[in-house]
Amino acid sequence: MNRKNVGFGMRGSMLILYQAIAFYLFTVFNSFAQNIQASGNEMFYGWNAARVSQIYTVVCLIDVLFQLLFARKIANARNIKMISVVFMSLSIIFGFGIATVFVSEALWLLLFALSIFFSHVGSTLLVGVLIGQWFPRRKGTVMGIATLAFPITGGALLSVFAGSYFSRGPLAAYFPFLLVGIAGIVIALIFIKDYPEQCGAYRDNDKNMDPETAKALMEQEIEAKKNSVWTVRNIFKCRDFWFMSIPMGILLATSVGAMTQIIGILNTYPDFYAKYGTIATFMVTVVACAGSYIIGLLDTRFGTKKAVVISCVFAVLTGAIGVFASVPTLLIGFYLLCIFEGAASNFAVSISAQYWRREDFPSVYGVINPIVNVIQAFGPMAITMLGLRFGFHITLGIIGIFGVIALILICLVNPKHIRELDSKYRLEAGLPADSQQ
C-alpha cells in the first residue's frame, strides 16, 4: 500500500474544515432564519414570516446573475482564498445584524439578504473552487465530508438554536455559531493557499510528484485558465451541461427546500411531534450525515454521474412512499430525501472537475454553480407554499415526480460528447486537442 497517498494532509484537512464551516455558516443564516427566526419575528414584532422565503429566492437570483457576470474573473484571480475570506467575513457581519437589529422589518430583511448572499457565494463558489484545485480526483470524498455540515447544522444544531433563541434571545442564540465562523476564517488565513503547491502540499495529497515539477505544472495551469476555451457561450451550447445542471438543481431545490421546513414537515402530525420530535430531528442528522458521506465515496469510486443517478432514485422513492398520508410513510419519505441532502450540494464541484480539464474547471464551475442555484432558489418558497396549501405528503409526491425528470436527464449525459466538443473548441483556438487531463 502506498502510504504517500493516504489521508488529506494537514493543510488539505484544514481546507476541508474551512469548506465545512463555510457551508455551516450559510445553513445557519438560511435554515435558522427561515425555520425559527421568521416565526419569532412574526410573534414578537408582527412581521410577515412568509417574506423571508421570498427574499431568499430573490437573493439567490441576484447571486446567480453575479456569478454569471463575475465568476470567471474571480476564478482566474490569484488570491481566491482572500476573496473567500472577505465574503465569509461580510456574511458574519451581516449575520450579527440579523441577531441584533430589529428597527424595522425592511432593514432586517436587507441584513438577512446580505448574509445569505455573501455566505452563499463564499461557500459554494469561492471555497468550492479551492476544493477543485486541491482535490481534482478525490473531490467526491472530500465534499462528502464537508457537506456533513448541512445536516448537522440544519438538524441537531437547529434544535440547540431554537432552545436558546426562545429562552435567551436572538443574540445569545446566534453568538456561538458566529464564533465558529470566525474560527473558520482564522483557519483559512493561517493554513490555506489557492493551490497546495504554494505551501508545500500536494494535490489529492499525492506525494509521488516532486515539488519542482508540481509547481511548474501549477504555473502552466494558472496561465491556461486565462485562455479557457469553455466560455459561457460554449458552455451554454453544450447539451450535456443542461442534462447535468437541471437534475442537480432539482436535487438541491428539493433538499434545501425541505430542510428549511423540517419542523413543519415533522409537525404534520402534532401529537407525534410533541412526543418524538427531538428524536425525529436527531434522526434527520444521522441519516443525512450517513448519506452525504456514502454518496461522496460513491462519487469518487464510480463517478459523479452515477452518484447523481443514485440520488435521483432516492428522490423518486421519496415521492412514491411519502405521498401516502401516515406517520410512517411521511418519515420514510422524508428520510429518503435526507440521504441526498448533503450530497446534492457537492455535485456541481465534482461534475465540473470530472468532465473538464483542470484549467477549465473554474470557468465551467463558475457557470454550472449559478445555474444549479437558480433552480435551487425556488425550492424553499415552493416547498413552503405547497406544504402549507396542500400538505407535506403531497409535496413529497411532487418531489418524486421531479425526481423522475431529473433521473431521465442525468442518464442522457454523454462524457464522450463533452470530450469531442473540448477537442473542437481547442482546435478552433489553435490549441492541441490532446486527451483530457
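This briefing covers cavities, a pocket and several individual residues of a predicted model. The model is predicted, with local features requiring pLDDT of at least 70 and side-chain atom pairs counted only at pLDDT 80 or more, while totals for chains, interfaces and linings use all residues. Residues are numbered from 1 along each chain as its sequence is written, and side-chain values use heavy atoms, with hydrogens and water left out. Helices are DSSP runs (H or I, at least four residues), numbered from the N terminus.

**Cavities**

- A search of the whole structure finds four cavities of 30 Å³ or more, where a cavity is a set of points, on a 1 Å grid over the protein atoms alone, at which a 1.4 Å probe fits but cannot get out.
- The largest cavity has a volume of about 160 Å³, a volume being the space filled by probe spheres set on the grid points, which are joined across faces, edges and corners.
- Its lining, meaning residues with an atom within 4 Å of a point, comprises 20 residues, of which His120, Thr124, Leu252, Ser345 and Asn373 are the closest to the centre of the largest cavity.
- The elements that give two or more residues to the lining of the largest cavity are H1, helix H4 (105-134), helix H10 (239-259), helix H15 (347-355) and helix H16 (361-376), and the largest share, five residues, comes from H16.
- By class, the lining of the largest cavity divides into eleven nonpolar, nine polar and no charged residues, where Ala, Val, Leu, Ile, Met, Phe, Trp, Tyr, Cys and Pro count as nonpolar, Asp, Glu, Lys and Arg as charged, and the others, Gly among them, as polar.
- The second largest cavity has a volume of about 120 Å³, and the residues lining it include Phe26, Asn30, Phe150, Met259, Glu341 and Ser345.
- For the second largest cavity, H1, helix H6 (149-168) and H10 each supply at least two lining residues, with H1 giving the most, four residues.
- The lining of the second largest cavity has four nonpolar, seven polar and one charged residues.

**The second largest pocket**

- The second largest pocket has a volume of about 370 Å³, a pocket being an open set of points with protein on both sides within 12 Å along at least five of seven lines.
- Of the 19 residues that line the second largest pocket, Gln34, Ser39, Gln261, Thr384 and Leu388 lie nearest its centre.
- Two or more lining residues of the second largest pocket come from each of helix H1 (10-45), helix H2 (50-75), helix H11 (262-266) and helix H17 (379-390), and H1 gives the most, with five residues.
- The lining of the second largest pocket is made up of seven nonpolar, eleven polar and one charged residues.

**A buried lysine**

- Lysine 81, found in helix H3 (residues 80-100), is buried yet has no salt bridge; buried means under 20% relative accessible area, computed with a 1.4 Å probe and protein chains only, and a salt bridge is a side-chain nitrogen of Lys or Arg within 4 Å of a carboxyl oxygen of Asp or Glu.
- The nearest side chain of opposite charge to lysine 81 is that of aspartate 194, 6.4 Å away, with Lys and Arg counted as positive, Asp and Glu as negative, and His and the chain ends not counted.
- Not counting residues up to four places away in sequence, lysine 81 touches Leu130, Ala188, Leu189, Ile192 and Asp194, contact meaning heavy atoms within 4.5 Å.

- Aspartate 204, in the loop between helix H7 (170-191) and helix H8 (211-226), has a positive phi of about 60 degrees although it is not a glycine, and is buried with a relative accessible area of 0%.
- Asparagine 205, which is also placed in the loop between H7 and H8, has a positive phi of about 55 degrees without being a glycine, and its relative accessible area of 7% makes it buried.

**Two buried helix residues**

- Alanine 113 lies in helix H4 and is buried at a relative accessible area of 14%; leaving aside neighbours within four places in sequence, alanine 113 is in contact with Ile55 and Val59.
- Glycine 387, found in helix H17, counts as buried at 6% relative accessibility, and, with neighbours within four places in sequence left aside, glycine 387 is in contact with Ala382, Phe392 and Thr395.

Note on methods:
Buried means under 20% relative accessible area, exposed over 50%, partly exposed in between (1.4 Å probe, protein chains only).
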